[in-house]
Amino acid sequence: MDLDIQPVRLSLKEYKKVKQLYIRAFPKYEREPWTWLLIKSKYQRADFMAFYDQEQFVGFAYVIHSHGMHYILYLAVNDQIRSQGYGTRIINELRSLYPEDSLALDVEQPNPQAANNQQRLRRLKFYRRNGFFPTPKLFKEEKVTFQVLATNQKINQRKIDKAFEWFSWPLGWLIQ
């Protein structure tokens with residue numbers, strides 16, 4: 001059975017649950033300002049979606065669109081119902097929404113010295129199992145290096161850069 005999808009807006013019944021999950025699921029250094037996510041999702045180049053199984057909130061995804069590529073900036077499953085296949089179901093819904101194009105996302109690059117290396121390895125395995133391939137594209141942040149994964153092994157790295165340029169720039173919607 002397909003998941004139901006609702007746009008994340010102030011009027012969403014589970015608005016607070018989505019926001020709380022966002023805060024719990026991502027460390028502060030990985031989070032964009034919540035208001036910025038809402039503002040950017042009002043444009044056609046970003047989708048902020050809540051997923052439901054029947055009436056139950058199961059997770060959310062935030063996707064940026066750029067020239068035939070869809071970058072999953074955030075994907076989180078409700079931590080009260082994890083390990084029940086909802087992450088895979090959300091990815092499958094995203095594949096259905098964007099059937100012709102590549103999906104991409106980033107994960108913390110495995111690092112044996114990292115305190116959460118086992119979690120990093122589990123995430124990488126999960127995404128590999130769901131059809132994502134490692135790419136050479138890396139994002140080096142102050143605290144961690146992220147590796148880009150994509151459903152197309154030959155993803156155009158410039159498209160990824162363009163997506164982030166639009167997302168980061170306050171008037172990014174003017175850039176086409």
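1. N117 counts as buried because its relative accessibility is 10%, where buried means under 20% relative accessible area, exposed over 50% and partly exposed in between, with a 1.4 Å probe and protein chains only. The model is predicted, so local features need pLDDT of at least 70 and side-chain atom pairs count only at pLDDT 80 or more, while totals for chains, interfaces and linings use all residues. Residues are numbered from 1 along each chain as its sequence is written, and side-chain values use heavy atoms, with hydrogens and water left out.

2. N117 belongs to helix α4 (helices, H or I with at least four residues, and strands, E with at least two, are DSSP runs numbered from the N terminus). Apart from residues up to four places away in sequence, N117 touches P110, N111 and P112, contact being heavy atoms within 4.5 Å. A163 is 46 residues from N117 in sequence, and the two C-alpha atoms are 28 Å apart in space.

3. The UniProt record, an unreviewed entry, lists residues 3-151 as "domain: N-acetyltransferase"; such positions are in the numbering used here, with feature names shortened, and annotations may be inferred rather than shown by experiment. In the model this span is 29% helix and 35% strand, and its end C-alpha atoms lie 21 Å apart.

4. Helix α1 deserves a look from the end. Its residues Y15, V18, L21 and Y22 are buried. Viewed down the axis of α1, these buried residues fall within an arc of 130°, so they line one face of the helix (the arc is that of the directions from the helix axis to the C-beta atoms). An α-helix has 3.6 residues a turn, so residues three or four places apart point the same way. The cover over the buried residues of α1 includes α2 (34-40), β2 (46-53), β3 (56-65) and β4.

5. When neighbours within four places in sequence are left aside, the contacts of L21 are F57, G59, F60, A76, V77, N78, D79 and R82. One of these contacts, V77, is 56 residues from L21 along the chain, and their C-alpha atoms are separated by 8.1 Å.

6. Two loop residues may be read side by side. Q54 sits in the loop between β2 and β3 and, at 49% relative accessibility, counts as partly exposed. The phi of Q54 is near 60°, a positive value in a residue other than glycine; most residues other than glycine have a negative phi. I81, in the loop between β4 and α3, is buried, with a relative accessible area of 9%. Not counting residues up to four places away in sequence, I81 touches Q56, F57, V58 and Y86, whereas the C-alpha atoms of I81 and Q119, 38 residues apart in sequence, are 17 Å apart in space.

7. Strand β3 contains Y62, which counts as buried at 0% relative accessibility.

8. The largest pocket holds about 1,300 Å³ of space. It is lined by 42 residues, and A25, F26, L75, R123 and Y127 are those nearest its centre. At least two lining residues come from each of α1 (15-25), β4 (69-77), α3 (86-97), β5 (102-108), α4 (117-129) and α5 (157-168), and α4 gives the most, with seven. A pocket here is an open set of points, on a 1 Å grid over the protein atoms alone, where a 1.4 Å probe fits, with protein on both sides within 12 Å along at least five of seven lines, and lining residues have an atom within 4 Å of a point. Grid points are joined across faces, edges and corners, and the volume is the space filled by probe spheres set on them.

9. The lining of the largest pocket divides into 19 nonpolar, eight polar and 15 charged residues, with Ala, Val, Leu, Ile, Met, Phe, Trp, Tyr, Cys and Pro counted as nonpolar, Asp, Glu, Lys and Arg as charged, and the others, Gly among them, as polar.
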